[in-house]
Amino acid sequence: MSVQAPVRRITAPEIATRKGGEAIVSLTAYHAHTAAIADPYVDFLLVGDSLGMVMHGMENTLGVPLDLMIMHGRAVVRGASRALIVVDMPFGSYEESPSQAFRNAARVMKETGCGAIKLEGGARMAETINYLSERGIPVMAHIGLTPQSINVLGGFKTQGRTKDTWALIEADAKAVADAGAFSVVLEALAEPLAARVTKQIEIPTIGIGASSACDGQILVMEDMLGLSSRVPKFVKEFGAVGSAIESAIKSYAEEVKSREFPGPEHTYAMKDT
Ligand code: KIV
């Protein structure tokens, strides 16, 4: 009799030890099926609040409710058995106080089974990051372009284009690292600044539109698959899944119209794909 050893999940502390080592690979995931496909190839999967825009057609991420994050978080945890699963805290669920953040983050961890949460903000969130980390909740921070602050930032723009803006962003990176975050997403940071920040802090930096100077990269899965209708300029498309879906649906529609339905010889028994 052979007994298969259960697959062990990657943990937040393991991601933290990857500073300066092999590049950390990550993608967003919102469902069980795409999580299962990505699982063998990524170190962590982020259930990003970008799901509001990508999956639910919202204009921005501000309207995403906590319950929706939990529902998608559960699906991703069910789909992937190896990658660390990180769930985003949505706008309004953590900014008020460390105790509000703890209450909601503990709910996310209990109800999804994820291994860490992510929240947006630098120095202003340091107290909260410390509060959560000290109470058993691993925190990934997110600085630079923080989409939940879009109304303050005035749009989806590269951060740190001019040197006079660097000090604040560097201070944010240092503050979240000192507060106990196990890694930090750098979104839309100009390359020289991403390189400086990556050198200055001891936790891994995960870039999105922030260059290969970072310790790893995350992309929105639907963007790199060619499935999104609007994609940031820095995203390389690794597939043409949108057009593959369209041509499959077109063929299906043509078959149905020509009445080529499966006959009674077909049963509901499952076939392996
Ligand atoms: O919500 C999200 O998908 C994110 C990534 C873009 C980092 O925060």
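**View 1. Salt bridge between Glu 14 and Arg 8 in the predicted model****.** The side chains of Arg 8 and Glu 14 form a salt bridge, with N to O at 2.5 Å; the term denotes a side-chain nitrogen of Lys or Arg within 4 Å of a carboxyl oxygen of Asp or Glu. Arg 8 is exposed, at 56% relative accessible area, while Glu 14 is partly exposed, at 28% (buried is under 20%, exposed over 50%, partly exposed in between; 1.4 Å probe, protein chains only). The whole structure contains 9 salt bridges.

**View 2. A salt-bridge network of Asp 67, Arg 74, Arg 107 and Glu 111****.** Arg 107 and Asp 67 meet at 2.7 Å, N to O. This pair joins helix 5 (residues 98-112) to helix 4 (residues 66-79), across 40 residues; helices (H or I, at least four residues) and strands (E, at least two) are DSSP runs, numbered from the N terminus. In the salt bridge of Arg 74 with Glu 111, the closest N and O atoms are 3.8 Å apart. Arg 74 belongs to helix 4 and Glu 111 to helix 5, so this pair ties together parts 37 residues apart in sequence.

**View 3. The buried face of helix 9 (residues 191-200)****.** Leu 193, Ala 194, Val 197 and Thr 198 are the buried residues of this helix.

**Notes.** Residues are numbered from 1 along each chain as its sequence is written, and side-chain values use heavy atoms, without hydrogens and water. In this predicted model, local features need pLDDT of at least 70 and side-chain atom pairs count only at pLDDT 80 or more, whereas totals for chains, interfaces and linings use all residues.

Methods:
The arc is that of the directions from the helix axis to the C-beta atoms.
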